[in-house]
Amino acid sequence: MRFLKKIIDWLLNTVLVVFVITCIWIFSQVFLLASFRIPSDSMEPELVEGDFVAVWKPTLGARLFDLNATLRLEQTEIHRTPGFRKAKRGDVLVFNFPHPNNWNKVEMHILKYYIKRCIGLPGDTLSIRDGRFRINGVSGSLGNLDSQERIGRTLPEEFPDGVYKAFPFDSIMGWNIQNFGQLYIPKTGDKVEMNRKNYLLYRKLIAWEQKAEINYNDSAVFLDGEPIREYRFLKNYYFMAGDKGMNSQDSRYWGLLPEEYIVGKAAFIWKSVDPYTGQFRWDRFMKKIE
């Protein structure tokens with residue numbers, strides 16, 4: 001009898017320990033820390049393939065949403081807890097890629113992540129001239145200047161297929177990764193006139209915010225079948241870019257990122273393994289991400 005009681009006590013203690021550890025792990029994953037592996041060279045030289053980065057969620061605030069709904073690939077409301085600060089220009093951010101199925105529709109897939117550098121904030125007006133990012137009222141370089149200057153020196157015919165032309169891929173506007181914009185990045189409450197240009201720039205964001213169909217016909221914009229002359233944004237948006245500009249699928253191609261899709265700021269590299277040799281790269285261990 002005493003032996004049986006010991007077994008029961010041991011089982012209960014084990015279950016309790018497992019439960020506490022599980023709760024701590026879940027709390028940590030939701031509110032504190034997450035890990036992401038770098039799968040490509042689009043953020044070189046700051047991040048390289050095989051780096052594992054830690055995202056410290058309290059910096060921008062953790063997100064709360066219906067996980068079961070996202071695993072069923074359903075769209076769900078996302079709420080953010082208060083963070084220490086807002087995202088800044090130059091921050092390296094991990095986010096859910098807003099076009100996991102196609103580039104014509106904004107959606108969230110919980111398992112599809114990108115990591116890029118924040119170039120433009122809500123309320124900024126961004127352009128690219130000779131490959132270099134520019135923001136009205138902001139002096140100095142933005143992002144990886146060496147990469148941008150290389151893009152500026154490259155002749156249009158020398159770019160690989162699919163690299164030169166840029167969002168919104170309109171022949172009249174003719175934007176490309178050397179000369180792009182001006183593009184206004186909306187913040188909550190901003191109002192824009194709905195003309196042809198703004199329809200092309202913001203139609204995906206408006207359709208996502210309103211969960212409605214938006215069309216352009218006979219020089220007019222129609223939202224859910226009703227003509228609109230202006231639109232007031234409900235959300236904040238960001239312009240994201242990779243440090244290796246010649247090989248980065250970023251906002252130059254697919255447009256603006258909704259704020260609530262941001263997971264958090266990449267803080268440091270906690271592990272780095274060469275994908276070809278399997279060797280641990282000690283020189284990158286615990287490297288702070290700038």
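**Notebook: one predicted chain**

I began with the fold elements and found 5 helices and 18 strands in the chain. Helices (H or I, at least four residues) and strands (E, at least two) are DSSP runs, numbered from the N terminus. I noted that this is a predicted model: local features need pLDDT of at least 70, side-chain atom pairs count only at pLDDT 80 or more, and totals for chains, interfaces and linings use all residues. Residues are numbered from 1 along each chain as its sequence is written, and side-chain values use heavy atoms, with hydrogens and water left out.

**Entry: the whole chain**

I looked up the extent next. Along the principal axes, the C-alpha atoms fill a box of roughly 85 × 50 × 35 Å. The chain has 290 residues, and 45% of them are buried. Buried means under 20% relative accessible area, exposed means over 50%, and partly exposed lies in between (1.4 Å probe, protein chains only).

I then checked the surface. Its accessible area is about 16000 Å², and carbon and sulfur atoms hold 56% of that. These areas come from the Shrake-Rupley method with a 1.4 Å probe; for residues, only the protein chains shown count as cover.

I turned to contacts (heavy atoms within 4.5 Å). Of those between residues at least 6 apart in sequence, 63% join residues at least 24 apart.

**Entry: charges**

I found 40 positive and 34 negative charges, with mean positions 6 Å apart. Lys and Arg count as positive, Asp and Glu as negative; His and the chain ends are not counted. Each charge is placed at NZ of Lys, CZ of Arg, CG of Asp or CD of Glu.

Most peptide bonds are trans, and most residues other than glycine have a negative phi. I looked for exceptions.

Glu44 and Pro45 are joined by a cis peptide bond, with omega about 10°. Pro45 sits in the loop between strand S1 (33-37) and strand S2 (51-56).

Phe167 and Pro168 are also joined by a cis peptide bond; here omega is about 0°. I placed Pro168 in the loop between helix H3 (145-153) and strand S9 (179-184).

**Entry: positive phi**

Phe169 has a phi near 55°, a positive value in a residue other than glycine. I found Phe169 in the loop between H3 and S9. Phe169 is partly exposed, at 45% relative accessible area.

Ser219 has a positive phi too, near 65°, and is not glycine. Its loop runs between strand S11 (214-217) and strand S12 (220-223). Is Ser219 buried or exposed? Ser219 is exposed, with a relative accessible area of 63%.
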